[in-house]
Amino acid sequence: MFGPDPAELIALPQADVKILPISNVTVEELARLLVQRVADGYHDDLRSMGVRSFSIRVTSGPGQGAIVSQELFATDEDGDEYLREKLPKCYENMELGDNRGGVGACEKAKEGYSEERERSISPPIAVVTGASSGIGLETAKVFLEAGYEVVNISRSACPLSSVRNLSCDLADIASVALTANTDLERMISMGNKHRKRNVCLVHNAAMFFGDTAVETNAGNFRDSLLVQTVSPSIINRSLIPRMAPGSSIIFIGSTLSEKAVEGTLSYSTSKHAVVGLMRATTQDLFGTGIHTSLLCPGFTDTPMLQKHLGDDVESLARNNAYGRLVKPEEIAKLVLTTAHSPALNGSVLHANLGQHET
């Protein structure tokens, strides 16, 4: 039925209609429904084959999909026994009548371990701004190969079919806030507002304008700061409560984060500001288990560099110890390494092939 007018009615045979117990036909709800149907209908069969957990992915097209995971226990008591193996001291104290902590402490420990177990069967997720080209695109590739789900936030879609795209103008605060607080939050929580996941958030997007102290466009300057500092802070504010210990926030800076050259006023200023944003974020996240770092690539062979420097690129390539530009995939691999290295928390890391200083 499409409307009250009989001319707009379409009759369908009852045998061709299936009513599903879902509110909306979305990939997330369909994935949850399928997982529940499989768990209810094939629980014992799966257990007999040694399956302890499984995941189902539903996609509606390239870059659009959702994954839901389910852990299987033989009985209700099996879940408690599984926890007992992981929390032996707590249960030992209970059985010996030790009131240090008591039942409440064990229940709290069980709840915490259940959250940890849920994270362990959910794939980690990388959120990359500007993953449509250059360093961002290569970063998406590297994280996909490492088993991450990948989400791209930018105006242009990432060409990789496995990447989910959120169209967003990072120079528009309202657009960023809406994306971060709705679509992105749902991707992370997967319908559970209390859920936390292992997240690597990569602030890669940037804008470059060839401007100087006496020839500066205020609108361009503003947009550069919005994309590289204000929007990352908005996304951080939304995602940090969803990030489990072991997560990371990686900022992509530049050689110009700690120096400057002529004709790069807004870009150099913005990249310097990213250093402050990273360091302040590090201080604010003490005790959360989330680490932050700033990776500063040297001159990298990206479409943005080629667009703005043209023939001058070759002279730049001769300005380091290896006589070539940094490859985007080299930076992407360093991003993944940094994401797995909490010892680098608060660090500013330069990757420039050894630049010649004059």
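Hi everyone. Let's start with the lining of the largest cavity: by class, that lining has 6 nonpolar, 4 polar and 1 charged residues. Please keep in mind that this is a predicted model.

So who are those residues? Along the lining you'll find Thr 129, His 203, Asn 204, Ala 205, Val 227, Gln 228, Pro 232, Phe 251, Ile 252, Lys 271 and Val 274. Two or more of the lining residues come from each of helix H7 (218-239), strand E7 (248-252) and helix H8 (265-284). H7 gives the largest share, with 3 residues. As for volume, the largest cavity comes to about 60 Å³, and the structure holds 3 cavities of 30 Å³ or more.

Now, on to the packing. In soluble globular proteins, nonpolar side chains tend to be buried together. Here, the largest nonpolar core has 35 residues. Which of them have the most contacts inside that core? They are Val 127, Ile 153, Leu 170, Leu 184, Ile 235, Leu 239 and Leu 294. Elements giving two or more residues to this core include strand E3 (125-129), strand E4 (149-154), strand E6 (199-203) and strand E8 (291-297), along with H7, E7 and H8. The largest share, 6 residues, comes from helix H6 (173-189).

Leaving out residues up to four places away in sequence, Ile 153 touches Val 127, Val 128, Thr 129, Gly 130, Leu 166, Cys 168, Leu 170, Leu 184 and Ile 235. Thr 129 also lines the largest cavity.

Methods. Residues are numbered from 1 along each chain as its sequence is written. This is a predicted model: local features need pLDDT of at least 70, side-chain atom pairs count only at pLDDT 80 or more; totals for chains, interfaces and linings use all residues. Side-chain values use heavy atoms; hydrogens and water are left out. On a 1 Å grid over the protein atoms alone, a cavity is a set of points where a 1.4 Å probe fits but cannot get out, and a pocket is an open set with protein on both sides within 12 Å along at least five of seven lines; lining residues have an atom within 4 Å of a point. Grid points are joined across faces, edges and corners, and a volume is the space filled by probe spheres set on the points. Helices (H or I, at least four residues) and strands (E, at least two) are DSSP runs, numbered from the N terminus. Ala, Val, Leu, Ile, Met, Phe, Trp, Tyr, Cys and Pro count as nonpolar, Asp, Glu, Lys and Arg as charged, and the others, Gly among them, as polar. A nonpolar core is a set of buried Ala, Val, Leu, Ile, Met, Phe, Trp, Tyr and Cys residues joined through side-chain atoms within 4.5 Å. Buried means under 20% relative accessible area, exposed over 50%, partly exposed in between (1.4 Å probe, protein chains only). Contact means heavy atoms within 4.5 Å.
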